[in-house]
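Here are a few quick notes to read with the model open. Have a look at it first, then go through the points below.

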Amino acid sequence: MKNQPSLQDKVALVTGGSRGIGRAITLKLAGLGAYVIVNYVKNLAAAEETLALVRTGGGNGEVLQFDVADTEGTRKVIAEVIARKGKIDILVNNAGTSADGLLVRMKDRDWESVIRTNLTGTYNCCRAVAYAMMKRRWGRIINITSVVAASGNAGQVNYSASKAGIIGLTKSLARELGPRNICVNAVAPGFILTDMTESLPAEVRGQIREQIPLSKPGTPEDVGALVAFLATEEAAYITGQVIHVNGGLYM
């Protein structure tokens, strides 16, 4: 029997890792042996709960508070982690926010806050880890985008633009870092069961489900499984790709 892929001795940072998709990603990485750093902004209790689940499963890690939208703060905190742990092998840019509304009614602050967290936050974290990964000539950067980056969605011009920007960032960075054996990919979830989607009216959830060829929503674990695979050596020849996890909602 072939050995299971291993992330033993790897250090992984998952932004927005305390709940939902971020939690599932964290648990998958920890299950393969990675030391996981669970980033959060405000919800310490959720981050500690995620870390407790990691340890219950035999893994190890820590929680780390910082706001990816804070450029200088992000640089400083990640530099301190690299100095203390010696490296960050895997970066998963999962932290994100939304502030939905039609363009003609959208407030400037809602545009700016979503772009700053989702797109600039991804840039901040990538820049903070890139040099250390280049020195070690190994790394995995996995950016969480969205189905709406490709399909668009009424009422989400800010969110769709931020997630589409992540795709361009991913492809360009894959070209820059590929010669140093660093793979950069994007994962685009579709309709995934999280706290956010569960809050949608039942009628809306039903309408979305009807558009999915597999006739069901995805789970955070579906996304986590793909991210974990992309972090392993088995994905060493995959870079610059956008991989959709959406049950066929968008093809």
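1. Strand 3 (residues 60–65) runs parallel to strand 2, and the two pair over six bridges; pairing takes at least two DSSP bridges between the strands. Strands here are DSSP E runs of at least two residues, helices H or I runs of at least four, both numbered from the N terminus.

2. Before going on, note that this is a predicted model, with local features needing pLDDT of at least 70, side-chain atom pairs counting only at pLDDT 80 or more, and totals for chains, interfaces and linings using all residues. Residues are numbered from 1 along each chain as its sequence is written, and side-chain values use heavy atoms, leaving out hydrogens and water.

3. Strands 2 and 3 also belong, with helix 2 (residues 44–56), to a right-handed β-α-β unit. Right-handed means that, with the strands pointing away from the viewer, the path from the first strand over the helix to the second runs clockwise.

4. Two lysines sit over rings: Lys 85 over the face of Tyr 35, at 3.6 Å from the ring centre, and Lys 10 over the face of Trp 138, at 3.8 Å. The test is NZ of Lys or CZ of Arg within 6 Å of the ring centre and within 35 degrees of the ring normal.
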